[in-house]
Amino acid sequence: MAVAALGVLGVFFVRSARTVLAEPYEVPRDHLAPWTLAIEPPSSGSGILLALRPHRELTAVLFKQVFARTGESLTSPVPAAMPLVLQSEFDRAMAGAFTPEKLLAVAQAAGLETATIVPRCLAHRRVSAPGIVRQVYFTRFDAPAFETFRREVDRQLRGAVGSTSAFDAAALSPVVIIAASDAVFSRWLPLRAGDSDDCLAPIAVK
């Protein structure tokens with residue numbers, strides 16, 4: 001009977017934890033802007049060449065909520081960024097056709113700094129391997145200007161190098177990493193958030 005009681009308590013505990021994690025995360029409306037374009041230096045180690053950086057308080061507010069609910073030892077990228085073009089993409093597919101400055105100009109023309117970018121959900125991924133468990137929490141956004149920018153880069157590349165372009169416009173999704181189990185955030189990139197199962201909880205804008 002004692003074992004059965006412990007089992008029941010364990011089930012209730014797991015259900016309670018999942019319920020807490022699935023409750024909406026809240027962000028103030030004024031934290032959704034401004035967004036700032038930035039060219040990342042290779043020395044940053046972020047793996048990002050061109051980034052769209054959110055309001056500095058947006059990720060801080062979400063990180064605090066993730067930590068409060070999970071109680072896990074996590075770290076957050078500083079500064080946080082939505083990857084627009086990865087350094088690996090630039091090296092593989094763009095050298096000779098683009099410069100970082102030209103990519104920045106295309107992003108500006110796409111209106112990324114002034115576009116409406118709406119948070120969809122707080123998402124989570126976990127990777128288990130022998131002797132190690134890695135996990136990441138990130139925000140998924142609805143950002144039509146993000147797709148517009150990536151498609152325009154693809155169009156210009158194909159105009160420059162033809163159908164042999166190695167650039168995949170759909171390889172990235174509009175996401176911002178909020179927290180991870182270690183500080184090597186580049187290991188999670190590219191993050192292609194195509195699965196609804198990634199979403200852990202909705203984000204409520206207050």
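What pattern does the protein chain follow, read along the sequence? The answer is α-β-β-β-α-β-α-α-β-β-α-β-β.

**View 1. The whole chain at a glance.** This is a predicted model: local features need pLDDT of at least 70, side-chain atom pairs count only at pLDDT 80 or more, and totals for chains, interfaces and linings use all residues. Residues are numbered from 1 along each chain as its sequence is written, and side-chain values use heavy atoms, with hydrogens and water left out. The protein chain has five helices and eight strands; helices (H or I, at least four residues) and strands (E, at least two) are DSSP runs, numbered from the N terminus. Of its 206 residues, 40% count as buried, where buried means under 20% relative accessible area, exposed over 50%, and partly exposed in between (1.4 Å probe, protein chains only). Take the contacts (heavy atoms within 4.5 Å) with a separation of 6 or more: residues 24 or more positions apart account for 73% of them.

**View 2. Inside the nonpolar cores.** A nonpolar core is a set of buried Ala, Val, Leu, Ile, Met, Phe, Trp, Tyr and Cys residues joined through side-chain atoms within 4.5 Å. The largest one has 48 residues, and Leu-84, Met-94, Leu-103, Phe-149 and Val-153 touch the most other members. A second, separate core has 11 residues, including Cys-121, Ala-123, Val-136 and Phe-138. Zoom in on Leu-84 and, leaving aside residues up to four places away in sequence, you'll find it touching Leu-37, Leu-50, Phe-146, Phe-149 and Leu-172, among others.

View 3. Helix α2 takes in residues 56-70, and its 15 residues should span 21 Å at 1.5 Å a residue; the end C-alpha atoms are 22 Å apart, which agrees. That expected span is 1.5 Å times one less than the number of residues. Which residues of α2 are buried? They are Leu-58, Thr-59, Leu-62, Phe-63, Gln-65 and Val-66. These cover an arc of only 165° around the axis, so they sit on the same side of α2; the arc is that of the directions from the helix axis to the C-beta atoms. Over on the other side, Arg-56, Lys-64 and Ala-68 are exposed. Among the elements covering the buried residues are β1 (25-27), β5 (118-129) and β6 (132-142).

**View 4. The partners of β5.** Two strands pair if DSSP finds at least two bridges between them. Strands β5 and β6 run antiparallel, joined by 11 bridges, and Ala-129 stands opposite Ile-132 in β6. Their hairpin has two residues between the strands, and Gly-131 takes a positive phi near 85° there. Three bridges join β5 to β8, again antiparallel, with Ala-123 opposite Cys-199 in β8.

View 5. Three strands line up in the order β2-β3-β4, with antiparallel pairing. The edge strands, β2 (36-39) and β4 (82-86), each pair on one side only. Four bridges join β2 to β3 (residues 48-53), and Ile-39 stands opposite Leu-50 in β3. Helix α4 (residues 100-109) packs on the sheet, touching β2, β3 and β4, and its direction makes about 170° with that of β2. Axes here are lines fitted to C-alpha atoms, for helices over the stretch in contact, and angles run from 0 to 180 degrees between N-to-C directions. Helix α3 (residues 87-94) lies across β3 and β4, running at about 25° to β4.
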